[in-house]
Amino acid sequence: MPYMEAGSLAPDFALPDQDGRLHRLADYRGRWVVLYFYPKDDTPGCTKEACGFRDRMGDLQDLGAVVLGVSADGVESHKRFAEKYGLNFPLLADPERQAILAYGAWGKKNLYGKEYEGVLRQTFLIDPEGRIAKVWRKVSPEGHAEEVAEALRALRGS
């Protein structure tokens, strides 16, 4: 499995959002991209993280960034999740784990002592040239959107 790190060229992808619209990383060339991977729609941690990005969207847009959430859930699940919480950014459906695997966001997890494999909560900040500028490997949903905004401010020198 690839291990993406700062300086690496970000792998392109083509994934549908909650409205069935196709998104490619190449579509966002020239802009900062916050690409965050999360385990499951409408679960406590994932909801907290998504709502954090929703609430910081103004700041992130002012910094020239777009936010893209990715999980292995399907388009319909994403649509319900986005509507329920008023999410104001695309949620990309990756049931075949194309982008999840390309970014190395799949691996061993532990829940109540039981080991299993799943989507790892990770975030990649991609610069306007399509290179990974920063990686968060172990994300805590609480306050993560602010953490990303601060990193973006620092990288942009603003």
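Two strands count as paired if DSSP finds at least two bridges between them. The model described here is predicted.

**The five-stranded sheet**

In β9, valine 135 is the bridge partner of phenylalanine 124. This contact belongs to the pairing of strand β8 (residues 122-126) with β9, which run antiparallel and are joined by four bridges. Both strands are part of an open sheet of five strands with mixed pairing, in the order β5-β4-β3-β8-β9. β5 (91-93) and β9 (132-136) stand at the edges with a single partner strand each, so one side of each has no neighbour in the sheet. On average, neighbouring strands of this sheet are turned by 20 degrees against each other, direction ignored.

Helix α5 (residues 144-156) lies across β3, β4, β8 and β9, and runs at about 150 degrees to β9.

Two packed helices are described by the angle between their axes and the distance between the axes. The axes of α1 and α5 cross at roughly 45 degrees and come within 7 Å. Angles under 35 degrees count as roughly parallel and 65 to 115 as roughly perpendicular, which makes α1 oblique to α5. In this contact, Glu49, Gly52 and Phe53 of α1 meet His144, Ala145 and Val148 of α5. The residues of the contact divide into three nonpolar, two polar and one charged.

Histidine 144 is found in helix α5. Buried means under 20% relative accessible area; histidine 144 has 0% and is therefore buried. Leaving aside residues up to four places away in sequence, histidine 144 touches Glu49, Phe53, Thr123, Trp136 and Val139. Histidine 23 is 121 residues from histidine 144 along the chain, and the C-alpha atoms of the two are separated by 23 Å.

**Aromatic pairs**

Rings of Phe, Tyr and Trp pair if their centres lie within 6.5 Å. By this rule the count comes to nine aromatic pairs. The rings of phenylalanine 37 and tyrosine 103 have centres 5.5 Å apart and planes at 45 degrees, so this pair is tilted. Phenylalanine 37 is in strand β3, and tyrosine 103 is in the loop between α4 (98-102) and β6 (106-111), so the pair links distant parts of the chain, 66 residues apart. Both phenylalanine 37 and tyrosine 103 are buried. Ring pairs also link Tyr36, Tyr38, Phe53, Phe81, Tyr85 and Phe89 into a cluster. Phe53 is among the residues of α1 that meet α5.

β6 pairs with strand β7 (residues 114-119) in the antiparallel sense over six bridges. Leucine 111 stands opposite lysine 114 in β7, and lysine 108 stands opposite glutamate 117 in β7. The hairpin of β6 and β7 has two residues between the strands, and tyrosine 112 takes a positive phi there.

**Residues with positive phi**

Most residues other than glycine have a negative phi.

| Residue | Phi | Location |
|---|---|---|
| Arginine 97 | about 65 degrees | loop between β5 and α4 |
| Tyrosine 112 | near 50 degrees | hairpin of β6 and β7 |

Aspartate 42 has a relative accessible area of 35% and is partly exposed. Arginine 97, with a relative accessible area of 30%, is partly exposed.

Technical notes. Residues numbered from 1 in each chain as written. Predicted model: local features only at pLDDT ≥ 70, side-chain atom pairs only at ≥ 80, totals over all residues. Heavy atoms only, no water. Axes fitted to C-alpha atoms, helices over the stretch in contact; angles between N-to-C directions. Contact = heavy atoms within 4.5 Å. Parallel < 35°, antiparallel > 145°, perpendicular 65-115°, else oblique. Nonpolar A, V, L, I, M, F, W, Y, C, P; charged D, E, K, R; others polar. Phe/Tyr/Trp six-rings, centres within 6.5 Å; stacked < 30°, edge-to-face > 60°. Buried < 20%, exposed > 50% of the residue type's maximum accessible area, 1.4 Å probe, protein only.
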